[in-house]
Amino acid sequence: MYFLMTVDVESFSIPLNRCDYETGKRVYEQGLPSLLDLFAKHDCECTFYFTGEMAEMFPEAVEMVRDAGHEIGCHGYDHSPQRAFDSLRYEEQVEELKRAKKVIEDVAGRTESFRAPMLRINEDTVRALEETGFKTDSSVASQRFDGPFTFGSRRKLKWLIAPRKPYYLSYKSTVRRGKSSILEIPISAFLISYSGTVMRRSPFLTKILQKYLFFETKITNKPVVFLIHPNECLEVRGEIIPTRRSENFFEYIFADVIRQKLKLKNLGRVALRLLDELLESVKKNEPEFISVRKYKKIYDMTNENGH
C-alpha cells in the first residue's frame with residue numbers, strides 16, 4: 001500500500017477566513033516545525049504544496065521542508081477565491097503558474113507536482129500545467145460531496161463521477177481519463193474527504209472512512225492520499241472576526257459562515273494529537289510512505305506510462 005501524506009502550505013488564517021502575513025509567519029515558525037517533527041517520528045515522506053506567495057514571504061520555510069527530505073510542490077501563487085484557477089482564462093493560469101513556479105524553484109529546485117488552491121481547476125488547467133512543466137495534479141477528490149460548503153461547489157459536483165484510481169487527465173474534462181501528460185492523483189474521499197479538516201470535526205467518521213479506504217486499496221492497489229494544512233496546527237488567538245470572501249449570498253452563508261465555524265474545531269495541539277493517532281493506525285497496515293513525485297515514477301513503470 002502506498003500512502004501519500006500531502007500538506008498544503010499557505011498563509012490562510014482559519015479564524016480570520018483570509019490570508020494573513022502573521023498567520024504565514026506562525027505557519028513557518030510553529031505549524032511546519034510541529035508537522036515535520038511528527039512526520040520524522042513516523043518516518044513519513046511527504047509532499048508539501050507551497051503557494052508562491054508563502055514561498056516569497058518565507059523562503060526559509062521551503063528550505064526547512066526540503067532539507068527534511070520532503071518533496072516541494074506548487075499550490076498556485078495566490079490562495080484567494082478571486083484567483084481560483086477555474087475562474088481564470090488559460091493565459092492567466094499560465095502566468096499564475098509561471099510566477100509561482102519561479103519563486104518556489106528559486107529556493108527548492110525543479111518542481112513538478114501541483115495542487116490548486118481550494119482544489120479548483122478546469123480543462124484549461126490541464127494545458128496550462130503542461131505548458132509550465134508540471135507532471136502531476138492532485139486537485140480532484142473522487143466521490144467527495146461538499147454540497148454548498150465550498151467555493152466552486154457546483155463545479156465540484158463532477159467529482160462524483162471521477163475515477164478513483166490515478167489517471168492521466170483528459171483535455172475535455174478533469175474527471176475523465178485522457179491523453180494529456182498530467183497524472184491526476186485524487187485525494188482520497190468517499191462522500192467525505194480523508195483530510196485534516198474532517199479528522200478534526202469527526203475523528204470517528206475519519207476512522208470509518210480510513211477502514212473503507214484501506215480495504216479498497218488492498219483490492220485495487222490505488223494509493224491512499226491524505227490532506228492537511230500547517231495552519232490547522234496553530235492555536236486560535238484573540239477575537240475572531242472572520243472576513244467575508246464571497247459576494248454570492250448563499251456561498252457566503254455556507255462556505256464563509258457555516259463551514260468556517262466547523263473548521264475552527266480542534267485546532268492546534270488537539271489537531272497534532274489526532275494526526276499522531278491517525279499515523280499510528282495507518283502504520284498498522286504497513287504502508288510505504290511516499291512522495292507524489294516518487295509515486296508517479298512507480299505508476300509509470302507499472303502502467304506503461306499510464307496511457
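Visitor: How many cavities of 30 Å³ or more does the structure hold?
Guide: This is a predicted model, in which local features need pLDDT of at least 70, side-chain atom pairs count only at pLDDT 80 or more, and totals for chains, interfaces and linings use all residues. Residues are numbered from 1 along each chain as its sequence is written, and side-chain values use heavy atoms, leaving out hydrogens and water. A cavity is a set of points, on a 1 Å grid over the protein atoms alone, where a 1.4 Å probe fits but cannot get out. The number of cavities of 30 Å³ or more is three.

Visitor: How much space lies in the largest cavity?
Guide: A volume is the space filled by probe spheres set on the grid points, which are joined across faces, edges and corners. For the largest cavity this comes to about 80 Å³.

Visitor: Which residues lining the largest cavity are the closest to its centre?
Guide: Lining residues have an atom within 4 Å of a cavity point. By class, the lining has four nonpolar, two polar and five charged residues. Of these eleven residues, the closest to the centre are Leu119, Ile121, Arg155, Trp159 and Thr174.

Visitor: Is leucine 119 buried or exposed?
Guide: Leucine 119 is found in the loop between β6 and α5, and its phi is near 60°, a positive value in a residue other than glycine. Buried means under 20% relative accessible area and exposed over 50%, with a 1.4 Å probe and protein chains only. Because its relative accessibility is 9%, leucine 119 counts as buried.

Visitor: What is the phi of methionine 118?
Guide: Methionine 118 lies in the loop between β6 (113–114) and α5 (123–131). At 14% relative accessibility, methionine 118 counts as buried. Although methionine 118 is not a glycine, its phi is positive, at about 60°.

Visitor: Which residues of the largest nonpolar core touch the most other members?
Guide: A nonpolar core joins buried Ala, Val, Leu, Ile, Met, Phe, Trp, Tyr and Cys residues through side-chain atoms within 4.5 Å. The largest such core has 66 residues. Those touching the most other members are Met5, Phe39, Phe48, Phe50, Tyr194 and Leu275.

Visitor: Which backbone nitrogen does the side chain of serine 188 reach?
Guide: Serine 188 lies in the loop between β9 (183–184) and β10 (189–190). With a relative accessible area of 2%, serine 188 is buried. At 2.8 Å, its side chain reaches the backbone nitrogen of valine 225.

Definitions and conventions
Helices (H or I, at least four residues) and strands (E, at least two) are DSSP runs, numbered from the N terminus. On a 1 Å grid over the protein atoms alone, a cavity is a set of points where a 1.4 Å probe fits but cannot get out, and a pocket is an open set with protein on both sides within 12 Å along at least five of seven lines; lining residues have an atom within 4 Å of a point. Ala, Val, Leu, Ile, Met, Phe, Trp, Tyr, Cys and Pro count as nonpolar, Asp, Glu, Lys and Arg as charged, and the others, Gly among them, as polar. A polar contact is a pair of N or O atoms within 3.5 Å; within protein, one must be able to donate a hydrogen and the other to accept it, and residues adjacent in sequence count only if both atoms are side-chain atoms.
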